[in-house]
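Take a walk through this model, one contact at a time. Keep the structure open as you read.

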Amino acid sequence: MNTTIPRRQEHLAPRTGLGRWTVALAAAAVAATAASVVGFATGLVEPADSFTDKPLLTLWGIIIVVSSTASVVTGAVAMLRRQDRAMLVIAATVAGVLVAVFSWQQVFEGLNWLEG
């Protein structure tokens, strides 16, 4: 009697709605971060001294923080509760974590919560 353990299939695309939201939110966060980096590097955007100096830049930062944090939350729920372990969901969650960590670090630094 030959018993074999079935191998789990690897999926590239998300299988649940939360998985698709995770990929979309992480893509938005990465694209917005890349756009702001290009804007600062080319001199199209001038850095602000505080959050109230440039409201449009603050709004752009809020979009990045919210979308990256939301991608981490939806990715965790999709993977843990909905069992959606597609490669794009995992990659989007990791990208969301990276962008969220660096974005929140900027927020804490701007609020002078990081004394160093």
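Start at Thr74. Set aside its neighbours within four places in sequence, and Thr74 is in contact with Leu18, Trp21, Thr22 and Leu25. The model is a predicted one. Thr74 sits in helix H2. Its relative accessibility is 15%, so Thr74 counts as buried, the cut-off being under 20%.

Now widen the view to the helix around Thr74. H2 covers residues 55–80. Its 26 residues should span 38 Å at 1.5 Å a residue, and the end C-alpha atoms lie 37 Å apart, which agrees. Which residues of H2 are buried? They are Ile64, Val65, Ser67, Ser68, Ser71, Thr74, Gly75, Ala78 and Met79. The cover over these buried residues includes helix H1, residues 17–42, and H3.

Turn to H1. H1 also has 26 residues. From first C-alpha to last, H1 reaches 37 Å, close to the 38 Å expected at 1.5 Å a residue. The buried residues of H1 are Gly19, Thr22, Leu25, Ala26, Ala29, Ala32, Ser36 and Gly39. Two of these names, Thr22 and Leu25, have already come up as contacts of Thr74. What do the buried residues of H1 pack against? They pack against H2 and H3. After H1 comes Gly43, with a positive phi near 85°.

Next, the packing of H2 on H3. Two packed helices are described by the angle between their axes and the distance between the axes. Here the axes of H2 and H3 come within 8 Å and cross at roughly 140°. The crossing of H2 and H3 is left-handed. On the H2 side, the contact is made by Ile64, Val65, Ser68, Thr69, Ser71, Val72, Gly75, Ala78 and Met79. On the H3 side, it is made by Val89, Ile90, Ala92, Thr93, Gly96, Val97, Val99, Ala100, Ser103, Trp104 and Val107. What is the make-up of this contact? The residues divide into 13 nonpolar, 7 polar and no charged.

The model has 2 aromatic pairs. The ring centres of Trp104 and Phe108 are 5.9 Å apart and the planes meet at 35°, so this pair is tilted. An α-helix has 3.6 residues a turn, so residues three or four places apart point the same way. Trp104 is partly exposed, at 35% relative accessibility. Phe108 is partly exposed too, at 29%.

Phe108 also pairs with Trp113, and that pair is stacked. The centres are 5.4 Å apart, with 25° between the planes. At 59% relative accessibility, Trp113 counts as exposed.

Now look at the backbone. Most residues other than glycine have a negative phi. Which residues depart from this? One is Asn112, whose phi is positive, near 60°. Asn112 lies in the segment after H3. At 54% relative accessibility, Asn112 counts as exposed. Another is Gln83, with a positive phi of about 60° although it is not a glycine. Gln83 is found in the loop between H2 and H3. Is Gln83 buried, exposed or in between? Gln83 is partly exposed, with a relative accessible area of 41%.

End in the loop between H1 and H2, where Ser50 is placed. Ser50 is partly exposed, at 34% relative accessibility. Its C-alpha atom is separated by 8.6 Å from that of Leu111, although Ser50 and Leu111 are 61 residues apart along the chain.

Note on methods
Residues are numbered from 1 along each chain as its sequence is written. This is a predicted model: local features need pLDDT of at least 70, side-chain atom pairs count only at pLDDT 80 or more; totals for chains, interfaces and linings use all residues. Side-chain values use heavy atoms; hydrogens and water are left out. Rings of Phe, Tyr and Trp (its six-membered ring) pair if their centres lie within 6.5 Å; planes under 30 degrees apart count as stacked, over 60 as edge-to-face and the rest as tilted. Buried means under 20% relative accessible area, exposed over 50%, partly exposed in between (1.4 Å probe, protein chains only). Helices (H or I, at least four residues) and strands (E, at least two) are DSSP runs, numbered from the N terminus. The expected span of a helix is 1.5 Å times one less than its number of residues. Contact means heavy atoms within 4.5 Å. Axes are lines fitted to C-alpha atoms, for helices over the stretch in contact, and angles run from 0 to 180 degrees between N-to-C directions. A crossing is left-handed if the near helix is turned anticlockwise from the far one by less than a right angle, and right-handed if clockwise. Ala, Val, Leu, Ile, Met, Phe, Trp, Tyr, Cys and Pro count as nonpolar, Asp, Glu, Lys and Arg as charged, and the others, Gly among them, as polar.
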